[in-house]
Amino acid sequence: MKENKNYSYIDTVHRDGRIWNISMMILLLAFPVVVALIFNAAPDWRGVGMGLIATAPMYWAVSAIEVITFIPMLGAGGSYLSFVTGNISNLKLPCAINALENANADPKSEEGEIISTVAIAVSSIVTTVIIILGVLLIIPLEPVLSNPALKPAFDQMLPALFGALGVALISKNWKLAVAPVILMLILFIFIPALNSSTVGIMVPVGVIFTIIVSRILYKKGII
Amino acid sequence: MEFSTNHPILFALVAVIIAAVLAQSVYFLVKSVRRAKATGMDMKKIKKTVITAAIFTIAPAVSIVITVITLSQSLGIALPWLRLSVVGSLSYEAIAASNAASGMGTTLAALAEGMTASQYVTIATVMTISIMVGIWLVPVIAKRYQSGLISFEQKDAKWSGILQNSLFIGMISAFVGFVFCDVYRLWSSTDGVFEVVSKDPLTGENVTTLYSSTSGLVPVFVMVISAVAMCLCGLLIKKLKWKWVNDYALPICMVLGMALAIPLTAWLG
């Protein structure tokens, strides 16, 4: 973890992030290969092909758009970590935004980069540890966590999260927020196809629309 | 060697990968904290960030455990443990596994009765490759992309700040819209009951679920409650100078909204 004096801190984050992410990619791809070798079982290539055709194009496209959209918000270290550990829009990004708000740090500054990476790293560690505990205690936990009485609470996690986070951010940038919030309300209320499984696709739409509106407001001197 | 979806070797392989995931997170945490110290940052901020992030993560992480339990019914415990500890989600993993099963001419429900190693490898391959883009695309573009953003910022610092806020607001607006996505049930239902037909990823069959026409209001009320609670926290911080509330406001408001979702769902469907 020593830093060469010829590299800036952010350069070392990118260098280390590249090494980590490519290593993680190889490890993840190795899992099915090693299982196949150990159990002497070749995959059903037709199943792999059909499964990939039905699944990959949409998720590859969504992932590529997410990378473009989320990198400026997550920062360098946060991006490398988040795109390995997942749950970005429902956990890592809100966690980073909340940490930046509490620390009153500019996301584009080095301080912002550090705060964002610390928040996402801690969130990733806590998530991984809780899942490990969940797996170890799955037999006693299953009847508790699968209890129908608790289901509505976990079903409504995103509204509860974005109510609190949204009011904090929107109140500080209400001029920016009016048009995109109205657009999204109209789209989600009147197009039934837009639901929990399509909200990820609508995030880049919301971001692009907000950038266009804010550019117009900026040019007109309103913001 | 006889295969089972809960074979100890599968747990050992997954444990190795999870250890690497943890190691990456610890590495970046230590690297950031060292940099914060070296640049003379206020370490109280770092400590607060660590505590707040840890507390905030608990409820979403428990919901991920529930997802592991759900998927373990058809795929065993090891594979959902791996997939949900790395990039993925319940909807994605269920769809990917279901598509792989249907590519083999079967369903997850049928495979839950007894899966061969070949079928397991097929499903794991599809689940892994279909969501792999982010992991390699970030290393490919992140540095150049960020350099471009920095040079852009130097040209017009004020617009750059507005652009950053626009990114956050754009994301929030999509989720605010999503909260209202089932409100249309109010005027689309007949006799106060709304039918939702969806494909069960386990069986591949269409399943009809009945909701009250007012059920779409539950997430709206939950969001409003959580937002009002956040405003109250803001008042406590400003009027009573309870600055400590700032660190815990988001998890407190989120858990309050989730808890009140239980009686709201019982009331509105």
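This is a predicted model: local features need pLDDT of at least 70, side-chain atom pairs count only at pLDDT 80 or more; totals for chains, interfaces and linings use all residues.

Residues are numbered from 1 along each chain as its sequence is written, chains are lettered from A and ligands numbered from 1 in the order in which they are written, and side-chain values use heavy atoms, with hydrogens and water left out.

**The two chains**

| Chain | Helices and strands | C-alpha box along the principal axes |
| B | eleven helices, two strands | roughly 60 × 55 × 35 Å |

Read from the N terminus, chain B goes α-α-α-α-α-α-α-α-α-β-β-α-α. Its radius of gyration is 23 Å, well over the 18 Å that the globule rule gives for 269 residues, so chain B is more spread out than a compact globule. (That radius is taken over C-alpha atoms, and the rule is 2.2 Å times the number of residues to the power 0.38.)

**A helix with a bend**

Now pick out helix H1 of chain A, residues 9-38. Its 30 residues reach 42 Å from first C-alpha to last, close to the 44 Å expected at 1.5 Å a residue; the expected span is 1.5 Å times one less than the number of residues. Where does H1(A) bend? The spot is A:Ala30, with a bend of about 35°, and the proline A:Pro32 follows within four residues. The bend is the angle between axes fitted to the seven residues ending there and the seven starting there. After H1(A) comes A:Asn40, which has a positive phi near 50°.

**A hairpin in chain B**

Strands E1 (residues 193-199) and E2 (residues 206-212) of chain B pair in the antiparallel sense over seven bridges. (Two strands pair if DSSP finds at least two bridges between them.) Among the bridge partners, B:Phe194 goes with B:Tyr211, and B:Val197 goes with B:Thr208. The two strands form a hairpin with six residues between them, and B:Gly204 in the turn has a positive phi of about 75°.

**Empty space**

Rolling a probe the size of a water molecule over the atoms shows where empty space is left. On a 1 Å grid over the protein atoms alone, a cavity is a set of points where a 1.4 Å probe fits but cannot get out, while a pocket is an open set with protein on both sides within 12 Å along at least five of seven lines; lining residues have an atom within 4 Å of a point. Points are joined across faces, edges and corners, and a volume is the space filled by probe spheres set on them.

There is one cavity of 30 Å³ or more, and the largest cavity has a volume of about 50 Å³. Its lining includes A:Ser124, A:Thr127 and B:Leu84. H4(A) gives the most to that lining, with four residues.

The second largest pocket has a volume of about 830 Å³. Of its 30 lining residues, the closest to its centre are A:Glu101, A:Asn102, A:Lys172, B:Ile237 and B:Asn246. H10(B) gives the most to this lining, with eight residues.
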